[in-house]
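This report is a first walk through one protein chain, taken from its overall order to its surface. Please look over the sequence and the structure before reading on.

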Amino acid sequence: MSLDRADVEKIAHLARLAIDGQDVDRYARELSKILDLVEQMNAVPTEGVTPMAHPLHMAQRLRADRVTEEDRRAKHQAIAPLTEDGLYLVPKVIE
């Protein structure tokens with residue numbers, strides 16, 4: 001698939017990107033190469049291929065789930081400007 005100058009300008013407008021006029025042709029070539037690669041990947045027959053999350057069949061080593069720090073919630077809330085029912089109260093910033 002080949003993109004032209006108008007396509008790139010329209011994509012930039014929809015994405016709210018400011019693109020310098022002299023760079024539009026370069027972007028068109030680079031985006032066309034990306035789309036060509038996607039077309040090549042879509043052409044590969046993948047029927048019967050099992051999807052995998054990782055190319056190696058390994059299990060992730062996990063650490064033991066145990067408490068390593070003391071609970072400091074009461075200490076932090078005691079020095080907070082405003083709290084209520086265990087929550088920090090902050091000024092409203094969005095109307």
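In what order do the elements of the protein chain run from the N terminus on?

## Order of the elements

The model shown here is a predicted one, and in it the elements run α-α-α-β-β when followed from the N terminus. The protein chain has 3 helices and 2 strands, and one of the helices, α2, covers residues 24–43.

## Overall dimensions

The C-alpha trace of the protein chain spans about 60 × 45 × 20 Å along its principal axes. Its radius of gyration is 27 Å, whereas a compact globule of 95 residues would have a value near 12 Å.

Of the 95 residues in the protein chain, 8% are buried. When contacts between residues at least 6 apart in sequence are considered, 30% of them join residues that are at least 24 apart.

## Surface and nonpolar patch

The protein chain has an accessible surface of about 9,600 Å², and carbon and sulfur atoms account for 57% of that surface.

On this surface there is a nonpolar patch formed by Ile11, Leu31, Ile34 and Val38, which together have about 310 Å² of accessible area. Helix α2 gives the most to the nonpolar patch, contributing 3 residues, and Ile34, a member of the patch, is found in helix α2.

How values were computed:
Residues are numbered from 1 along each chain as its sequence is written. This is a predicted model: local features need pLDDT of at least 70, side-chain atom pairs count only at pLDDT 80 or more; totals for chains, interfaces and linings use all residues. Side-chain values use heavy atoms; hydrogens and water are left out. Patches are made of residues with over 30% relative accessible area and no salt bridge: like charges are joined within 9 Å, nonpolar side chains (Val, Leu, Ile, Met, Phe, Trp, Tyr) within 5 Å. Accessible areas come from the Shrake-Rupley method with a 1.4 Å probe; for residues, only the protein chains shown count as cover. A salt bridge is a side-chain nitrogen of Lys or Arg within 4 Å of a carboxyl oxygen of Asp or Glu. Helices (H or I, at least four residues) and strands (E, at least two) are DSSP runs, numbered from the N terminus. The radius of gyration is taken over C-alpha atoms; the globule rule is 2.2 Å times the number of residues to the power 0.38. Buried means under 20% relative accessible area, exposed over 50%, partly exposed in between (1.4 Å probe, protein chains only). Contact means heavy atoms within 4.5 Å.
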